[in-house]
Structures are given as structure tokens and as C-alpha cells.
Amino acid sequence: MNMNRPVGPLMSLAAAVLLGACASPPAGNDTRTATIQRTAYGVAHISAPDPETLAYGTAYAHAQDNVCQTAEHLVTVRGERSRYFGGQAMGMLGRRMLPNEVDDFFIAAHMDDALLARQWAANSAEAQALARGYVEGYDRYLADHTGTLPAACNAQPWVRPMTLADYRRVQELLAVQAASAALADAMLGATPPAATTGALAAPVDVANAADAMREAGLLDSPLGSNAWAFGKDTTANGSGLLLGNPHFPWTGVNRFWEMHLTIPGRLDVMGAGLGLGAVVQIGFNKDVAWSHTVSTGKRFTIFELTLAPNDPTSYLVDGRPEKMTSRVLSITVRGADGTLQQKTHTVWSTRWGPLIVIPRAGLNWTARTAYALKDANAGNARFFDTWLGFAHATSVADMRKALGNEGVPWVNTLAVDRQGHAMYADASAVPDVDAAQLERCAPSRNAAALLPAAGLVVLNGARSDCDWHRDPASPVPGLTPIGRMPVAIRADWLQNSNDSFFYSNPAQRFAGISPLVGDATVSRPRTRAGLTEIPQLLARGKLTAEALQQELFADHNFMASVVLPDLLATCPGAPTPEARDGCTALAGWNQRDDLDARGAHLFREFWRPAMTIAHLWRVPFDAARPVATPYGLNMADPVVAAKVWATLAQAVNNIRAAGFALDATLGSVQRPAITDEPIPLHGGDEIEGVLNNVGRQVPARIAKDGLRIDYGTSYVQTVTFDDRGPVAQALLTYGQSTNPASPHATDQLWVFSRKQWPVLPFRADDVARARVGEVLRLTRP
């Protein structure tokens, strides 16, 4: 069973009113009572007297919108997908769709409830109370709605109450989805070589490694974002001004959910969170605002093991053999006839971590060599306290202190405060391995080449001194402390669009940063677009939130500006009718991805394959001009030109075969995949350098139903400050609810389509004026 299509309930307004009346506590009994109010588009405002009760109300409100999604995700983290949905059906594990058997065996191998409990015990009392309250609130919702859940999960045997162990597993899977979970199939594929095979190690395959890592979501990650932070020197009001534009899936538990969390006198924070978050992960309070972008930092290293002679399950460290450990896992699998059977699988581990194989990268288990994975985010329960630190912060300096626990798993942080400071920080979890150690511990030249080619760091596991450095300044042994991570606080501006810290601001310099954090490579066209558009904005004057909103939704197609001038200049020589028709359509396009843009879909269909043509660029990449290059098409080369024309002709044929005109408006072609409502969508694909990035999690060419979007711009916000507090406008593109019957399943898609920016009420009096429906009060037992 695959429920990545929208599922989950939101009560109708009438039902909410009824439950609100039934659940109201006796007068004066407010010490364990959560209050839930809704404003426009179903945005939830939860207040309570303490953290546990606050999370209780948050979980209940989230379940109103998404109970079936949550219930299915709990099946995943329990390792029971095969039992209920069949072993070969596909399920989402972190970022990847994998067979349920792979999901379940990974969960059985990775999750250690006793260890997770000990790690959570090191968290603050506030974080632990939030976890307990969330479990209680979700379970209360199930009890209140027995037999009346949405059809997708009503009366299903896999819908069960949550436990605290389940909740910890949910957060662990969120943390490791950029490493261990992404390589779940690599872990399960590691089996000892037969005695008669594998006498020699296979050569490392640099060429195929990159493709393998892209498929795993670990290279050119499908998760992305833009964030711009402006300080007092550049803003019209002299306060901080933030644009946050995360690009995340529109399906699954990596969907955001909007919430406003209040403990009177102690906590007041608003924004959005992923999955089953009891904390705001992107948002603002009265003094600070922040967003995140996926960082270039490495979340794991691979250790190459030198195996003991005649024993492929022993390996050498400093010349001494160590025995691998094995564990037999068992899962329950439902057959096609409904019968249940047990399946077993053996996994292997070392001092470095579990064994893996990535055959396409040449990383195989042979008689002489094997490979183990060490994950920087395994056991990272610290991020709860990081985001709580943000929620309590009064300045970006406070936020930097909160980042010091190294809890942020795999993102950069961009933030502003009301005093007019802007901050960029990559303080994410990165192994403490510097450039000297990379060189010293590379097991071979080919293995070293895997880092620039495929993002894989391979270290020599035969030497104990190749383990991650343990700096006493780091609160987590083996991770790089914040003092050696890139952090900048400025009064002008900082930005990130998923390339490294090198490009946070042209005037900003960092020294002594490990290559595992990032390098000078520009891989994202959005980085080039942002570093082009920000100076243009500033040249017009001091900035306002409205200016940033208009710039983001102007939908400029950066790569069109880079390649179309040369293409159109040579169009008189186009060799085929199809290529000439393509030229005509592209010449009439305004190089934007607006709803009324004619020809945008043709450029996308052309550019995806065209960008891979060898020797394509007239002006190749120049490290001295990373934003301006590469540029132009090398149409003077007859081989390149022939391939460009053939690619354009094929794009024209694809568009026509799908039933669309070459000059059709983008709004008539592009719409969401999560609903059949004909909602026209603006925005462009990652490959095009459109800041307002929308696309497919699995890229595909145009089809008869057009371009169906299931990824991209999600919770997008602008925040600045005035005397009353934060001035925030935001939308959640896909809406609050995954229940197709909910009025909030697609309502914000229409808001996004119209390029509107709803105002978020934050002060208590503003929330009361904007409230929709009755107040729901829930008292904890």
C-alpha cells in the first residue's frame, strides 16, 4: 500500500465546533488544558500552560489534518510495512521510495530503542516534555475518533496508538535520511563473498558513482531551498528582513505543517515543522526569524576495510584483526494471498559502522576489501533543543549559541533579528575530517576521486588514526565544532541556495573550513540567479518584504537568459522544420515561468537533455567568475550545434505528442500531482535556475496530463519587525491537510497560483480577530 497520495483528516467546521463544546473543561481547570484556534487556511494556533500540554494540543491539531499520514509513517518506523502492505510494494523511507522489505529490514537493523532512550534523556526537560505530550495528544485523537477516521485509514489494523519509542524513531529517521536511510539498500546488499569469488577488489568506478548517488538522493539532492537574510544597512525599516523559501516534497512526512505555539510568558513562536514536529523548525518569534537550506556538508564517511587473510568477516586495524559482528533480523511479510510469513536477513557491522556495498561505485565486499558507513547524525536527538533555542532567542547571537550543540542535522541556517543583524551559519552535523586527513587517509587515488565526482568520502579503515578527529571544543565527539564551521553575522545581506558557504556574500571570507563542509563549486543555477538578482534589487533602493515577494514570484528563468541569446541568434540556420518551430516558440517567450508565459514548457523539455551535451558552453566555467560562467552555447562547433538542434526538435515532438501547443501558456500545462483539480501553477524546475522552484521528485518529460508537480516551494515566508512585533506573510503551497475531503487540502494551492501572501496573525488580539470557527479546548487526563 502506498499512501504518498494525500491522506489524513481535518474535521469540518461543524465537527470542530461540536468537539470544541464537548471537550471544553470545567471553568478554572486550565492547568492541563491546551487551546486550539484556527485562522485562515486552517493555520493552527495552540496555547497551553506547559510544554507537555502544548505538544498534546499540537499533536491533536496535526492529527485533525493528517492522521492517516501519521499512522502510515508509524508503520514505517515500526518496521511493519511488509506485514500490512506487502514486501514488494513501495514505501517512503526518508527521501527514498524503496520496497517495503528494504524499509523494514533497515528499521530492524538501525533502530535501537534503548540507545535512543538514553540519547533523549540527555535532552532538556522541555524537549522531553514535548515528546511525551505529542504522543499523548495523538493517542487522544485516535481514541476520540475510533471508527470515524477518514476512509484511507479508518478501522485499519495498522492504525495503532503511538508510543514514546515510536516518536523517538520518527525523529531518528528524520535525522539520518541524508545518510544511513538513503543507503538502506546498500546496507542490506552487504553479504560476505563466496569462497571461490572476489579474490581481488573491484576498481573504484568514479563514472558510475555519481549516478548511483543521485538515485540515492545524496548528490544534487532533491531537497533544496532559497533563503535571503537582509540586515539594517539594506532594509527600508532598519530591521532584519528574511525571505525563506524551502523546496521540499509535497507528499509524505517531509511536508511542512503551519503552527503557532504559545506558553504565556514563556514561549511564543510561529512557523512550520516537518513530520511529527512538536517544535517550529522554520519560523519566527517577536525578535528573530529564520529559515533553512539544505547544506553541502557531508553527513557520513565510508571506511575502506582491509580484510584478514582467508577470513572475509575479519578486518585489520593497525595490523591487528577485529571480527565483524553479525545480526540476524526477522520481519513479517504479507503474501499476495494474505498469509503472513517470516523473512530473515543478516546484517554485518564493524567499529566504523554497518557494512555497505555500492557496486556502481566499485565499493564491493570482496575477499580483500569491504566498506563500512559512519553516520554523523545517528542518534542525533539534539535538534529538538536547537530549535527550542531558536524559539526562545531574542537575537541572532542567541541563535548562534543554540547552534553550538551541533543538533541541526543537514541544513544551513539563515536568520535575522529586529535589531537589524543578519546571520548565515552552516553549523550542521559534519564529520571532523580536515583536508590534511583527507589526503593522508585516502586508501587510493581512485577512492579520493569519489569526493569531487560523487560526493563520497572514503577513508582508510585499516588505520585507527583515520577516525574522525575528537576536538574537545565539540559537544559531540567526532563532529566539527561550531568554531570551525562557517558562521557570519552582517549588517548588509547573506544568502544560500544550496551551494556552499563560499557564496553567502561576495564580501564574506572564511578560513580553515574542511572540504567536508563545502567547496567553491557552483552546482545550483539558483545560486547564480540569487547572486545576480540581489544586487539588482539593492540597486533600486532599500528593501521591503513586498520587494522580496515580487522578486521570488517574478519567476525569472536564469538559464534561459544564459543560453537563449546564442540559440536564437543561430535560429535562421535551424536544419529541420521542428527546430525552426521550436525557435519561433522560444523567441516569443518572455523567459519567465509565469502562468501566462508562452513557451516555458518547451524550454524545460529542451534544456533537461541539452544541458548534458559535451562541450556545450561557449564560455566554460571559470573559477574566477563562478556566477557569470558557464555562459552561451558553443554553436560554432558543428557537433555541438547538431546535437542542440536534434534536442530541440525532439522537445518539439515530445510537446506535440503530449497534445500541447508549443506556445501554450505554462498555466495550461503545469498543475499539481497531489490533486486532480485544474489548479494552474507558476514556477520552474531546479535545472532552470528559477528561484521559485517547482518540479517532480522523479524528473520526467511532459506527458498527456502535462507537467504534474509534487515538489518544490512549500512553506514560504517573509518576516520583518515593527513596534508591535513580527510582520510575517507566508503560505504553505500544498495546504495544511493531506485529507482530500478537507477544505484545507488544496486551498493554499489556489493562493500560491494567484501569487498572494497571507498575513500571519501573531499577537493574541490579532489571532482572536482572525479566528475561524470555535475554540477547541483539550484537557490532558
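Buried here means under 20% relative accessible area and exposed over 50%, with partly exposed in between (1.4 Å probe, protein chains only). Helices (H or I, at least four residues) and strands (E, at least two) are DSSP runs, numbered from the N terminus.

The model is predicted, so local features need pLDDT of at least 70 and side-chain atom pairs count only at pLDDT 80 or more, while totals for chains, interfaces and linings use all residues. Residues are numbered from 1 along each chain as its sequence is written, and side-chain values use heavy atoms, leaving out hydrogens and water.

**View A. Helix α15 and its two sides.** Glu-546 and Gln-550 are the exposed residues on the face of α15 turned away from its buried side. The buried residues of this helix (545-552) are Ala-545, Leu-548, Gln-549, Glu-551 and Leu-552. Looking down the axis of α15, they fall within an arc of 165 degrees, so they line one face of the helix; the arc is that of the directions from the helix axis to the C-beta atoms. The buried residues of α15 pack against β5 (224-230), β6 (241-249), α14 (525-539), β29 (715-722) and β30 (725-732), where contact means heavy atoms within 4.5 Å.

**View B. Helices α10 and α11 side by side.** The axes of α10 (residues 383-392) and α11 (residues 396-403) come within 8 Å and cross at roughly 170 degrees. That makes α10 roughly antiparallel to α11 (under 35 degrees is roughly parallel, over 145 roughly antiparallel, 65 to 115 roughly perpendicular, the rest oblique). Axes are lines fitted to C-alpha atoms, for helices over the stretch in contact, with angles from 0 to 180 degrees between N-to-C directions. Thr-386, Gly-389 and Phe-390 of α10 meet Met-399, Ala-402 and Leu-403 of α11.

**View C. What covers α11.** Buried in α11 are Val-396, Met-399, Ala-402 and Leu-403. They span an arc of only 105 degrees around the axis, which puts them on the same side of α11. Their cover includes α10, β10 (288-294), β18 (411-417), β19 (422-425) and β21 (487-490).

View D. Strands β11 (residues 300-308) and β12 (residues 311-317) run antiparallel, joined by three bridges; strands pair if DSSP finds at least two bridges between them. Leu-307 has Tyr-315 in β12 as its bridge partner. Two residues sit between β11 and β12 in their hairpin, and Asn-310 in the turn has a positive phi of about 65 degrees. Next along, four bridges join β12 to the antiparallel β13 (residues 320-323), where Lys-323 is the bridge partner of Ser-314. This hairpin also has two residues between its strands, with Asp-318 at a positive phi near 55 degrees.
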